[in-house]
Amino acid sequence: MRPAARRSVPALLVSLCALVVAALLAAPGALAAPRRSQQGTEGQATPTEQSPTGQRTSVPCPNHDRPPAPVDTSEEPKPGQRSPEPLPIPEEPVGGTRMGECGLVVPSGADAPPAGDVTAASWVLSDLDTGDVIAAKDPHTRERPASLIKALLAVVVIRNLDLDEQVVGTQEDAEQEGTRIGLGPGGEYTVRQLLFSLVMRSGNDAAHALAVKLGGVDEALEKMNALARELGALDTRAATPSGLDGPGMSTSAYDLSLVFRAAMKHREFAEAVATKSIDFPGYPGKAGFKVYNDNKLLGTYEGFLGGKTGFTDDARHTYLGAAERDGHRLAVVVLRGELNPAPVATQAAKLLDYGFALKADRAAPVGKLVDKAPDAQPKPEGGLETETTDAATADGTTAIGPTADADRSAFGSYGVPLVAAAGVGLLVALVMWLRKKRAKAARAARMAAQG
């Protein structure tokens, strides 16, 4: 039995050493894990601010679960129906920890964009090719999309319809509220012509005709919302195909960045947003005419690839667009903007300038545009690098990152030294025990030889 017992000692020593090493390795890994923003009562990340006493307190993000209150009756449900509940808030911010922050989210050490140039409530700058989020302001704050939701409809159309298929206009198409291209009853159009006019001139009549072609307005909305979930746009609920305000309408600058990136992967959409004008058919009693692109940056901003405009009383001014310089294709989404001090297209141009400057400086990204819903994609081993830094907000105040508690490892503030000390003590005890056993065995062997 003794020889077997002696052979087990080295094995026991190796096993215990392995346990100690594993514990030591686990501690730094925990320290290197991505930081999590503080969570509000409903799961949305909240920033912290410093009180007069020097303590940091949580400040709820604005509109973390629903857009601001409407200014008119456009979102009132039909008689006998109830307004939809707000969409659930994901437990972890889609796109990385910093995407759950409020206020400005900029790379470590980077200057904030000039506060006087960009006054929109929410925006996101991203790289169309890599999916990196370059900088943002309130990326997951819930807003209304206005006509930017037409980008989501456009992807559904491209996926589901033959672009050469014919569509016959109806009186209902012609009577749609808001911006119209000029569809008329009896007019014959291709899906391609309707798609181009949808994104070039934001035609609500074209949106309705395409929705009917998809199987009806309800069916089109179901397809649009299913696509939003597929992409990981979990703040988004389309209530109308056109972007007119309706019960439960919701999105975020982060979500529309996902949608825009997905749309730009389709040649038909990229061609449509970059087209300045097309010939459009008439209908009985009206001759054909030209449809012009209403995007002010097309042809005026260096490297501009195209984009989309939007406006409703509740959503205010919204905008998305992309440009290419020095091999980088950057996109911008701007929500709830006003025309003061400058139109939202001008604000978007300022943000694109800022984004290209950050790219030139090789600034680290602050987040990532996911390729599909978070529960359908593999989780990276180390997580996304989401270093939190203090950054000046648009009103000149400072958004303070997570407190020191966020920097502690799973072992606590003193966990690593304690684990190391315990491991050393264990090893010393084992060595002493092994030496004692060997000395005892040697004495026994000498006594046996003398006997």
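# Salt bridges, a disulfide and surface charge

A search of the whole structure finds 19 salt bridges. The structure is a predicted model.

**Salt bridge of Arg329 and Asp129**

- Arg329 and Asp129 are paired in a salt bridge, with 2.9 Å between the closest N and O atoms.
- This pair links distant parts of the chain, 200 residues apart: Arg329 belongs to strand E14 (residues 328-337), while Asp129 sits in the loop between strand E6 (122-127) and strand E7 (132-137).
- Arg329 counts as partly exposed because its relative accessibility is 22%, and buried would require a value under 20%.
- Asp129 also counts as partly exposed, at 42% relative accessibility.

**Salt bridge of Arg159 and Glu230**

- A salt bridge brings together the side chains of Arg159 and Glu230, at 2.9 Å from N to O.
- Distant parts of the chain are linked by this pair, with Arg159 in helix H2 (residues 150-160) and Glu230 in helix H6 (residues 217-231), 71 residues apart.
- Arg159 has a relative accessibility of 47% and therefore counts as partly exposed.
- Glu230 is likewise counted as partly exposed, with a relative accessibility of 39%.

**Salt bridge of Arg192 and Asp164**

- The side chains of Arg192 and Asp164 form a salt bridge with an N to O distance of 4.0 Å.
- Because Arg192 lies in helix H4 (residues 191-200) and Asp164 in the loop between H2 and strand E8 (166-168), the pair ties together parts that are 28 residues apart in sequence.
- Arg192 is partly exposed at 30% relative accessibility, whereas Asp164 is exposed, its relative accessible area being 53%.
- The class of Asp164 follows from its 53% relative accessible area, because exposed means over 50%.

**Salt-bridge network**

- Arg267, Glu268 and Glu271 are connected to one another through a network of salt bridges.

**Disulfide of Cys61 and Cys102**

- Cys61 is joined to Cys102 by a disulfide, with an S to S distance of 1.5 Å.
- The link of Cys61 and Cys102 is left-handed, with -50° about the S-S bond.
- Both cysteines lie in the loop between strand E4 (56-58) and strand E5 (104-105), and so the pair ties together parts that are 41 residues apart in sequence.
- Cys61 is buried, since its relative accessible area is 7%.
- Cys102 is buried as well, with a relative accessible area of 8%.

- Asp313 counts as partly exposed because its relative accessibility is 43%.

**Glu222 in helix H6**

- Glu222 is located in helix H6, the helix that also holds Glu230.
- With a relative accessible area of 53%, Glu222 is exposed.
- The C-alpha atoms of Glu222 and Ala238 are 8.6 Å apart in space, and these residues are 16 residues apart in sequence.

Key. Residues numbered from 1 in each chain as written. Predicted model: local features only at pLDDT ≥ 70, side-chain atom pairs only at ≥ 80, totals over all residues. Heavy atoms only, no water. Buried < 20%, exposed > 50% of the residue type's maximum accessible area, 1.4 Å probe, protein only. Helix = DSSP H or I, 4+ residues; strand = E, 2+ residues; numbered from the N terminus. Disulfide = S-S within 2.5 Å.
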